[in-house]
Amino acid sequence: MSFTQAQLLALLPILIVGATALAVMTAIAVRRHHRAAATIAVAGLNLALIACLLVPQLGPQQVTPLLRVDGYACFYMALILITTLATATLSHAYLENDRRNPEEYYLLLVIAAMGGLVMVCAEHLATLFIGVELLSIPLYGMIGYPIGERRSLEASLKYLVLSASASAFLLFGLALIYAQTGALGYAELAGASAKLSAQSPYLLIGGGMLLVGLGFKLSLVPFHLWTPDVFEGAPAPTMLFLATASKVAVFAALTRYFAEAGDYHFDRLLDALSGIAILSILIGSLLALMQKNLKRLMAYSSITHFGYCLVALIAGGELAVEAVGVYLLTYVVTALGAFGVISLMSSPHHERDADSIHDYRGLFWDRPYLTSTMIVAMFSLAGVPLTAGFIGKFYVLAAGIDARLWWLVSTVVLGSAIGLYYYLRVIIAMFLTERGIHRTTAPLDWAQRAGGIVILLITVLMFWLGVYPQPLIELIRAAGLH
């Protein structure tokens, strides 16, 4: 097998991230130094991000039957890398004074990011599976990184067991699909689906098991039970990566699979997805209502948001890929803001992260600018106009209405109304005062640190995308699946 120069250049983002992982590992072996490990990781991720901006100029590149690097892949690779960069920056603030060994955290983070990059380029079910595992395995270590914390170890173990179960479903589904069609490439599967759609139970069951495997990774109902416990037990920066980069990679890969492998031919599969979307929106919203723990609230909120995103996927047609792209980007920007504030408020030296809503009571009077970021993030998650979240929700509703999915559209509206209540509850808590309150809080100089600068930039971005989304929309249109 030989590669052309254009194919090698197309693989540059993945190659650079792989080289970064090796560089971080070598640096740790030579001398342990937290700032050096973080700097190498951030520098490598920045180089990979620059490569992502240059690669689209080469045009779509088919690199072996396993990978396709096109505008769609580059857009999601850039999104994953930006999210990983934000996670690395906030992790440095979180782990800054940790006397244990924080350096390996960056190694795990970079490897997980590489798994995400492979997934969004995958055009073959074997590559999809490799990407899922490459993304998931480092997360076991990242979730249980504070080895002295019982909740973190419990969360890591729970994620390990359930993730292994999801991988088993995924692998069995791929085996059934291969047994029926003799192919694993998306293009070959599309041809087989068109011929076998009416009388192919193995193909249908295989597709269903593949959805179960990916549904676990996306925390969709009824595969969501691990999510609140893992979010609560994981360190705040890991929770940020888990809720954003990890899920974006899985959803982008799922969207490409649906669009290119011909799964829109299977009405029963779409019906099952519709049921999952409705349950995810309603159950995620209702369970979030009862939460007093902010991490658990955000976990249930993420279930609801990926239910919304599923509505855009089910709608199909030209608008589906665009709506999914807009929604994922606006969700990522918003989640980075909300989880970033939680990360800055937390420290591994305390018994737990600042994960209770009670920890945020009266925060406005101590840290007004940090509170403002959280308020904008909550409004954006609720889909209030002039914030990024409104644009994402508008696109999902437009895709649903265009496809006449009235039940799904009604569920999105109902879920949004419920969501407004629990997001407002967080905002109100930040204005309430209480004497003698003892809470974990952000350092006074948070805005002067790299993590604080990232948070402030994200706040501006949330407003900018809400007020002037046209450049974003044009970018996503150009990065569609052509």
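**Overall build**

Guide: For 482 residues, a compact globule would have a radius of gyration near 23 Å, and the chain agrees with 21 Å (taken over C-alpha atoms, with the rule being 2.2 Å times the number of residues to the power 0.38). Keep in mind that this is a predicted model, where local features need pLDDT of at least 70, side-chain atom pairs count only at pLDDT 80 or more, and totals for chains, interfaces and linings use all residues. Residues are numbered from 1 along each chain as its sequence is written, and side-chain values use heavy atoms, with hydrogens and water left out.

Visitor: How many helices and strands does the chain have?

Guide: Helices here are DSSP runs of H or I with at least four residues, strands are runs of E with at least two, and both are numbered from the N terminus. Counted that way, the chain has 20 helices and two strands.

Visitor: What percentage of the residues in the chain is buried?

Guide: Buried means under 20% relative accessible area, exposed means over 50%, and partly exposed is in between, using a 1.4 Å probe and protein chains only. The C-alpha trace spans about 70 × 55 × 40 Å along its principal axes. Of the 482 residues, the buried share is 61%.

Visitor: And among contacts between residues at least 6 apart in sequence, what share joins residues at least 24 apart?

Guide: Contact means heavy atoms within 4.5 Å. Of the contacts in the chain between residues at least 6 apart, those joining residues at least 24 apart make up 79%.

Visitor: Are α4 and α11 roughly parallel or antiparallel?

Guide: Helix α4 covers residues 71-95 and helix α11 residues 236-260; they pack at about 170 degrees with axes 9 Å apart. Axes are lines fitted to C-alpha atoms, for helices over the stretch in contact, and angles run from 0 to 180 degrees between N-to-C directions. Under 35 degrees counts as roughly parallel, over 145 as roughly antiparallel, 65 to 115 as roughly perpendicular and the rest as oblique. That makes α4, relative to α11, roughly antiparallel.

Visitor: By class, what residues make up the contact of α4 with α11?

Guide: On the α4 side the contact includes Y76, T87 and Y94, and on the α11 side P237, F241 and R256 are among the residues. The classes are nonpolar for Ala, Val, Leu, Ile, Met, Phe, Trp, Tyr, Cys and Pro, charged for Asp, Glu, Lys and Arg, and polar for the others, Gly among them. The tally is 15 nonpolar, six polar and one charged.

Visitor: How many charged residues are in the contact of α2 with α3?

Guide: The axes of α2 (residues 12-30) and α3 (residues 34-54) come within 8 Å and cross at roughly 170 degrees, which makes this pair roughly antiparallel. Residues in the contact include I16, T20 and A27 of α2, and I40, G44 and C52 of α3. The contact has 15 nonpolar and two polar residues, and its charged count is none: no charged residues.

**Local details**

Visitor: What kind of aromatic pair do F75 and Y76 make?

Guide: Rings of Phe, Tyr and Trp (its six-membered ring) pair if their centres lie within 6.5 Å; planes under 30 degrees apart count as stacked, over 60 as edge-to-face and the rest as tilted. The structure holds 20 such pairs. Here the centres are 4.9 Å apart and the planes at 80 degrees, so F75 and Y76 are edge-to-face.

Visitor: Which residues form an aromatic cluster with Y72?

Guide: F75 is buried at 11% relative accessible area, and Y76 is buried at 1%. The residues clustered with Y72 are F75 and Y76.

Visitor: Which peptide bond is cis?

Guide: Most peptide bonds are trans. P222 lies in the loop between α9 (201-218) and α10 (227-233). With omega near 10 degrees, the cis bond runs from V221 to P222.

Visitor: What is the phi of S219?

Guide: S219 is found in the loop between α9 and α10 and counts as buried at 0% relative accessibility. Most residues other than glycine have a negative phi. S219 is not a glycine, but its phi is positive, at about 60 degrees.
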